[in-house]
Amino acid sequence: MASSSKRPPNLNTLTSATKPVISVEEWEASAPIGDVEVKSVNYVQAASERAALPPKFSVEDPGSSSRPSTPALRGKLGQGSRPSTPNLSSAHRHTASHALHPKQPIQTPQQFYDWFSLIDRSVTHSQEAHIRAHLESVSDNLETCDRLIQRIDEIDREVEDMLQGWRSVEDSGKSLKDACELLLQERDRLLDMSVAIDERLEYFQELEHATRMLNHPGESLVLQTDFLYMVERVDVCIDYLKAHRHFKEAEIYLLRFQQCMTRAMTLIKMYFVGSLRALTADVSKRLSEKDVSTTAQMHLLYTRFQTVSGPLAPLLAELERRALAHPDELSALLAECHTAYFSARKSLLVGRLMEEIKGLDPSRTELVELTRAGCSYLKQLCTDEFNLFRAFFNSGEEQLYQYLENLCDYLYDDLRPRILHEPRLTALCEVCTVLQALMVLDVPSVPDASSDEETDLDELNLDLEHPRRHRGLRTLHISHLLQMVLQDAQTRLFFKAQSVIQSEIRYYVPKPEDLAYPDKLVAARKPASGTEIKEKQSVSRIFQVKSWDKQETWYPTLQKTVWVLSQLHEFVKPAIFDELAQEAIKYCLQTLVSAAETLKSKNPPASVYDGHLFLLRHLLILKEMTQNLDLVHRDVDRGVVLPGVPESLASVLGKTTSLLPSALLSSLGMPRDEDTTDVRHGIDQLLKQACEDVIKAIADGTSATYRTWAERLRILWSLDNEEPSGPNPKPHMDYAQVGSWAGQDSALNVINTIPWQFEKNVHEHATRLRLYIEDERTVGVLLKHAEERMVDDWMVFRTTVWNLYEGRIRNKIPTPEMIREKVEQAYKEDWVYMPYDFHYRFSDEVAARLASSGAGSSSG
């Protein structure tokens, strides 16, 4: 090994030649050592310091050791580094006991030197013993490591051989696995192909089973459990083959399956028709017997059929579903079933229906009662027929309604001529009411039996205990059956209403008592005696006027307009009602305006004010009545709330024109609106004009004389102050000639008549206004603006007189506040007329009040 070359040489081979002496510095320079070597040297040094003395230098007794020692060294090791020369006697005793003892006594220096060299070498060798021991230990460790490395190399080679063998096995196993997987895939493919072939063949093989079952004779075949199962499977096979026409001979099998389906559905149809005919014959025979009670008839006509519908309904449901899926092949069979059913039912019901209609006596019974009784009976009959039909079928709604309409025609043939020749508008309205009430009471909807109707048709797994039932008949619409009679009644109602509008509104000729105003209003204010019997009136709430409940005080055309519209509102279509309403209101307005003009010319000038009030009263009634009519125009909500003010007046005053003062509008908080889209705008325009006329009439009847007197006086005053000019100059005013009406005394007389004549006229006009207009808030609005007119007229008089008569009567002219006070006092209902007092002068009272307030010298 390589470590053996590094071992130190054997000390026995050393010769006795003198070693060359090398200094420490030269040694360090020749062989420099590193940190590791320094640590090793220090470790060796520390170990050598604790080394024991060689055996030859151990302190022993003379007789206890066989190895002689130098006598001089005993007890003197610490005194010198060199031993003394031993005694000859001691050396001789131990010569044979130790190898270092000279064999011969030392006689010459050379022998001494040799012996000394031997001793020196022995000492040196003894000092290096621990180094050699360490070297031997290190050599043994190296040899052990070399053996471990060799063993590791051998194990590494063995592991590499094992890895190579494992890789070889892995590669072989993977190849085997791939081969197995390929075989499994091939097996799965073959299995899938086999299953797919079996699944496809199952549809084709079903033909044999279906054909074999259909070849069995007998009508009871359709009642077997396997029959519907077979029909369902055939249906699935047809859908499957339609979706896979590319299969070999798919068209041939599809045709044969369709033939099987047609045969199966034909068997269902034949069984249904046969059962229905047998049942109809039996019921007809029982009904032809005498003394069959109503309960027995209902049992035969409906309970017996309901019982038969149990086994037939599933078969008909299958036929309906297949007819819906294959209409070209099977819809004719379903139609034959419907026809057979309706024929059987009609043959049983027509005779009984005719007897019921004859019992109603259509030619003599009152129209409304005939409509109510006949239509109620038909409604119940149609309801029973609908429920019975729904027990058998779930389709055929159109054919069912045709059948029910044919049943209704037996009554309509007698009812329709009576309606078309009915002259009474109220009777026609009651007929419409009866029909609409019956149309509202329809049969409630039938809840769906199942919500999961859709299933996969490609699967042959069937659930015959819960067969699918398509959504079909659920509600009987009575309105569909009564619509024709209702249209006849509405048509007759429309033409009759037009006739009434033309004859009793447009071309109405007023009678003297119709224009007996205000006598009619005064009579209506009297308490009722309790013996009057009023005729019953059915007026819709929409046409019930809140503020005027005494319709006997209305003008006849307004009464007729309200009555006609209230009758038509619930019974004709909105578009037709709009047309009739606008026509009636237009003609009513014309008659009201004409009646007002007639009333004005009856006894002028007192009747002029009555004419204005008459028109205002009826326009307010008409406006309030039409507020809830849903005509073409829809008013926009303006967000103005006026408590206590009628809606009609608020609406009218909210759409002012130049005829009304702005102050009148602002006092009611109504904005201006220029919308003119329907007939109500015409009412608004007339109402605004009527309000202006009433306000003007009140002012003209109370304070217009002041304005007239002042204007005459102003003309004379202007002529008196003009410079003469022209060929014929006007003369100056002669106060002596005109003093009777234009002098100072005349002006004071006008002022002094205010407490009697002016207040009396104001109170009379306010009282007459309250007689026509019953709403106090409306009266207050009109009187407020009439008061403004009176104050304006007085200001004309005050301004004119203020600058005349050299200012001598300025302190006797009432202020506008005094005039307002007098007007508001006269407006009160409890105002009492004060008898004329020759000693009382109102001008003196005015002067005293002005003097006390310090306003006597104020300007006008």
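1. Contact here means heavy atoms within 4.5 Å. On that basis Val-434 touches Val-368, Thr-371 and Arg-372, with residues up to four places away in sequence not counted. The model is a predicted one.

2. Val-434 belongs to helix α13, residues 425-440. Is Val-434 buried or exposed? Its relative accessibility is 9%, so Val-434 counts as buried; the cut-off is under 20%. Cys-375 is another residue to look at from here. Val-434 and Cys-375 stand 59 residues apart in sequence, yet their C-alpha atoms are 8.6 Å apart in space.

3. Next, helix packing. Two packed helices are described by the angle between their axes and the distance between the axes. For α9 (residues 294-325) and α11 (residues 367-392), the axes come within 7 Å and cross at roughly 30°. That makes α9 roughly parallel to α11, because angles under 35 degrees count as roughly parallel.

4. Which residues make the contact between α9 and α11? On the α9 side they are Met-298, Leu-301, Tyr-302, Phe-305, Gln-306, Val-308, Ser-309, Leu-312, Ala-313 and Leu-316. On the α11 side they are Leu-381, Asp-384, Glu-385, Asn-387, Leu-388, Ala-391 and Phe-392. By class, the contact has twelve nonpolar, three polar and two charged residues.

5. Tyr-302, from α9, has Arg-345 over its face, at 5.0 Å from the ring centre. Phe-392, from α11, is part of one aromatic cluster with Phe-272, Tyr-341, Phe-342, Phe-389, Phe-393 and Tyr-403.

6. A further charge over a ring involves Lys-560. Lys-560 lies over the face of Trp-563, at 4.9 Å from the ring centre.

7. How many aromatic pairs does the structure hold? The count is 25. One of them joins Tyr-240 and Phe-247. Their centres are 6.1 Å apart, with 55° between the planes, and the pair is tilted. Tyr-240 and Phe-247 are both buried.

8. Tyr-555 and Phe-614 form another pair. Their ring centres are 5.7 Å apart and their planes meet at 90°, so this pair is edge-to-face; the class takes angles over 60 degrees. The pair links distant parts of the chain, 59 residues apart. Tyr-555 sits in the loop between α15 (519-525) and α16 (556-568), while Phe-614 is in helix α18 (residues 606-625). Tyr-555 is buried, as is Phe-614.

Methods
Residues are numbered from 1 along each chain as its sequence is written. This is a predicted model: local features need pLDDT of at least 70, side-chain atom pairs count only at pLDDT 80 or more; totals for chains, interfaces and linings use all residues. Side-chain values use heavy atoms; hydrogens and water are left out. Axes are lines fitted to C-alpha atoms, for helices over the stretch in contact, and angles run from 0 to 180 degrees between N-to-C directions. Helices (H or I, at least four residues) and strands (E, at least two) are DSSP runs, numbered from the N terminus. Angles under 35 degrees count as roughly parallel, over 145 as roughly antiparallel, 65 to 115 as roughly perpendicular and the rest as oblique. Ala, Val, Leu, Ile, Met, Phe, Trp, Tyr, Cys and Pro count as nonpolar, Asp, Glu, Lys and Arg as charged, and the others, Gly among them, as polar. Rings of Phe, Tyr and Trp (its six-membered ring) pair if their centres lie within 6.5 Å; planes under 30 degrees apart count as stacked, over 60 as edge-to-face and the rest as tilted. Buried means under 20% relative accessible area, exposed over 50%, partly exposed in between (1.4 Å probe, protein chains only). A charge sits over a ring if NZ of Lys or CZ of Arg is within 6 Å of the ring centre and within 35 degrees of the ring normal.
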